[in-house]
Amino acid sequence: MNALLDRLRSLVSGRSAVIGLPYLWLLVFFLFPFVIVFKISVSEMETVQFKDLVTLKDGVLQLSLKLSNYVFITEDALYLKTYLASLKYAAATTLLCLAIGYPFAYFMARAKSTLQPTLLMLVMLPFWTSFLLRVYAWKGLLSENGWVADLLINTGIDQLLYAAGMIPAPGKLMHTPFSLVLGMTYTYLPFMILPLYGNLAKMDLRLLEAAADLGATAWTAFWKITVPLSKAGIIAGSMLVFIPCIGEFVIPELLGGPQTLMIGRVMWDEFFSNNDWPMASSVAVVMVLLIIVPLAIFNKYQAEAQEVRK
Amino acid sequence: MNPSSAGNEQRASGDAAFLRIEHLTKDFDGYKAVNDVSLDIAKGEIFALLGSSGCGKSTLLRMLAGFETPSSGRIVLAGQDLASLPPFQRPMNMMFQSYALFPHLTVWDNIAFGLRRDGLPKAQVADRVEAMLKLVQLGKFAKRKPHQLSGGQQQRVALARSLAKQPQLLLLDEPLGALDKKLREETQIELVNIIEQVGVTCVMVTHDQEEAMTMASRIAIMSEGRFLQVGAPSEIYETPATRFVADFIGNVNLMDGKVDDDQPDHVIIGCADCRHYVGHGITGNEGMGVTVALRPEKIHLSRKAPDDEFNSARGTIKELSYFGSFTVYHVELASGARLKVSLANVQRHRDDQFTWGDTVWAHWSRSAHVVLTS
């Protein structure tokens, strides 16, 4: 009896409460809504109401799951195409953020320690302005006679972009894959820099000295020591950019064009144009699953990195 | 006169030094971490730089490795001036303090790291790594990551990694600093054996005098960027050149006095509590103020007054510290000065054990002292 009481007491102890609270939060605000969305995705619409999944009629318990939405997603090429497009643009954005963010984070972590808080502040400064405003500003910068557009056209960079297939014609920069990826890279860059900086700043610099002592040039030491040791930071930053980019709606809406249909837009259309909530929910469920897989890999790496640090 | 430079001139005229450090200075914004230091080290020597933290010993070692650029002076290794060589081209390897093993690489890859940078063929790298693993007896642990090893094993990986490239000079930065006392004592001997087996010349930095004494063939005592004394461990212990060195190395009783009688074969020095008869001549003159240094283990205790009118003092035991193999007695003399006396505990039980409050005579031989004039 006493043992049972002790058990109960330990369950409500501070430690379990602290650990339990975030789980409760996720349960209530993530898992529960997700179950609802999933339920909608397999429900039949009856004018404006969903049919019950489980019905008891004449003593027969019936469970009806409408899977046609999922079948439709696999059959209609539009969905596959937009999923792939979303993955493609998210991947391109992630790579660009990494290419720009890594050197930035690296030199920030190696800058004078008195300078670092300022640099960190500058990275976070854009968050002070509305995200919508900042994205909208690119519309002005990239459309005809915009500063950035003029610069790109005068320097001939638009020719390169055209050759790379990122814009449909030289001089046309707005509403193209180029403007979309540019906008997403611009918006998500801080999310790449911050975890990378955190990782690189705590690296043991004597390891680089040890590498130099053993005959490695600065370049070799960077690729053999710094990069492998910052793997956790690279993964964290990439996930923070990649995952929200897949479902991004606002930036493709403002900066993208007919070429750059992404899954967020498809979902919007299903919800608000077609009013087909079950279909929209199915698209959402598939998207969440697409994100959960990389997250699981990420978690696995995190656990391994923890193991190394022990 | 700076004893290190005296040693240098002597050595330089004889055999050619393997590693020669000439008037090396490192200036950090006006603070001279290393101040005009010169040193010759012979091939095969294990040389220790000993000093408390901030004395410049690590800066000196880092200049050898190439991580710091000297403000002035030269470093010559086997006839080659190292000034123009970046760290990754220097024919020397360093074992870092707390090892700096690469955490993401296995023991095998850690040791192979330097060999691969030289572009050696795979088979040769493997042979060399296996040989190193055998040397430090870690063959079984080749596939482990550093964090899966104990402190002592990590230390041996670090040693293997720094020896893998067969460096001309091995630099050790506090090689045993991260180990606990018991393991340190065992490792000291093992480390020396391995270094001697390989035959590499070695410069080590340490703040642990025991480590320096047991491992090194010669020691340089450093303070404020300068060498205070360079010599073999016994030389430094038994004939310290200055008050600082005498006090820094081991325990010592320092008594100030002045020369009463100066003869070619002996001197008599008067101190507050006793008169010293020193059985050798000194460079000085009568009336000169000197310090007499007396090691605690060179003093004996007795209950009766000794026959000799010199070299003895009466006092009371105020404190004693038992260390197992020996006991240190603090004897308070008439002037209030305290004399540390260490006696070996040869017998398990003694009937007339000295204890607190005992009045005793401390006495010492005519060759026990070191007279310090500076």
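This is a predicted model: local features need pLDDT of at least 70, side-chain atom pairs count only at pLDDT 80 or more; totals for chains, interfaces and linings use all residues.
Residues are numbered from 1 along each chain as written, with chains lettered from A and ligands numbered from 1 in the order written. Local features need pLDDT of at least 70 and side-chain atom pairs count only at pLDDT 80 or more, while totals for chains, interfaces and linings use all residues.

User: What makes A:L208 a residue in contact with others, leaving aside its neighbours within four places in sequence?

Analyst: Contact means that the C-beta atoms, placed from the backbone, lie within 7 Å. On that basis A:L208 is in contact with A:A221 and A:I225.

User: How do you know which way α9(A) and α12(A) run relative to each other?

Analyst: Helix α9 (residues 177-201) and helix α12 (residues 231-246) of chain A pack at about 160 degrees, with axes 8 Å apart. Angles run from 0 to 180 degrees between N-to-C directions, and axes are lines fitted to C-alpha atoms, for helices over the stretch in contact. Under 35 degrees counts as roughly parallel, over 145 as roughly antiparallel, 65 to 115 as roughly perpendicular and the rest as oblique. The pair α9(A) and α12(A) is therefore roughly antiparallel.

User: How many residues of chain B are in contact with chain A?

Analyst: On the chain B side there are 18, in contact with 17 residues of chain A. α3(B) gives the most to that side, with three residues.

Conventions:
Two residues are in contact if their C-beta atoms, placed from the backbone, lie within 7 Å. Helices (H or I, at least four residues) and strands (E, at least two) are DSSP runs, numbered from the N terminus.
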